[in-house]
Amino acid sequence: MSDSYSRMLTGLLRASHLTTFEQLPAVVAQHARQAGFAPVRMYVSDLREYVLREVTGVGLDAAHGGRS
């Protein structure tokens with residue numbers, strides 16, 4: 001694993017315990033940009049894996065404007 005990827009993952013782990021679910025897409029995008037990844041999208045699935053939804057960090061369910 002390259003050094004930039006290691007720094008990205010380390011930074012995400014350090015930030016994650018202070019990050020709300022709504023803030024997570026922006027935090028992931030920030031660390032990904034620093035490692036040379038852009039743009040990034042974050043998706044979550046329900047426990048039964050019936051629904052896959054993009055997390056945007058906007059709106060009541062943090063998915064406003066995202067892809068389903």
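My entries below go from the ground rules to the helices, the rings, the strands and the charged pairs.

**Ground rules.** I am working with a predicted model, in which local features need pLDDT of at least 70 and side-chain atom pairs count only at pLDDT 80 or more, while totals for chains, interfaces and linings use all residues. Residues are numbered from 1 along each chain as its sequence is written, and side-chain values use heavy atoms, with hydrogens and water left out.

**Entry 1: the core.** I looked for the largest nonpolar core and found five residues: Met8, Leu12, Val27, Ala32 and Ala35. The term means a set of buried Ala, Val, Leu, Ile, Met, Phe, Trp, Tyr and Cys residues joined through side-chain atoms within 4.5 Å. Helix H1 (3–16) and H2 are the elements that give two or more residues to this core. I noted that helices (H or I, at least four residues) and strands (E, at least two) are DSSP runs, numbered from the N terminus. A general reminder to myself: in soluble globular proteins, nonpolar side chains tend to be buried together.

**Entry 2: Met8.** I picked Met8, which lies in helix H1. Is Met8 buried or exposed? Met8 is buried, because its relative accessible area is 14%; buried means under 20%, exposed over 50%, and partly exposed in between (1.4 Å probe, protein chains only). Not counting residues up to four places away in sequence, Met8 touches His31, Ala32, Ala35 and Phe37; contact means heavy atoms within 4.5 Å. Met8 and Ala32 are 24 residues apart in sequence, yet 6.5 Å apart in space, C-alpha to C-alpha.

**Entry 3: His31 and its helix.** I found His31 in helix H2 (residues 24–34). His31 has a relative accessible area of 10%, so I wrote it down as buried. The buried residues of H2 also include Pro25, Val27, Ala29 and Ala32. What covers the buried residues of H2 includes H1, S1 and S2. Just after H2, I marked Gly36 for its positive phi of about 95 degrees.

**Entry 4: the rings.** My search of the whole structure turned up one aromatic pair. The rings of Tyr5 and Phe37 have centres 5.2 Å apart and planes at 15 degrees, so the pair is stacked. Rings of Phe, Tyr and Trp (its six-membered ring) pair if their centres lie within 6.5 Å; planes under 30 degrees apart count as stacked, over 60 as edge-to-face and the rest as tilted. Tyr5 lies in helix H1 and Phe37 in the loop between H2 and S1, so the pair ties together parts 32 residues apart in sequence.

**Entry 5: the strands.** I saw that strand S1 (residues 42–45) and strand S2 (residues 52–55) pair in the antiparallel sense over four bridges; two strands pair if DSSP finds at least two bridges between them. They form a hairpin with six residues between them, and Glu49 in the turn has a positive phi of about 60 degrees.

**Entry 6: the charges.** How many salt bridges does a search of the whole structure find? I counted two salt bridges, each being a side-chain nitrogen of Lys or Arg within 4 Å of a carboxyl oxygen of Asp or Glu. Asp3 forms one with Arg7, with the closest N and O atoms 2.3 Å apart. Arg41 and Glu54 form a salt bridge at 3.0 Å, N to O. This pair links distant parts of the chain, with Arg41 in the loop between H2 and S1 and Glu54 in strand S2. Glu54 counts as buried because its relative accessibility is 8%.
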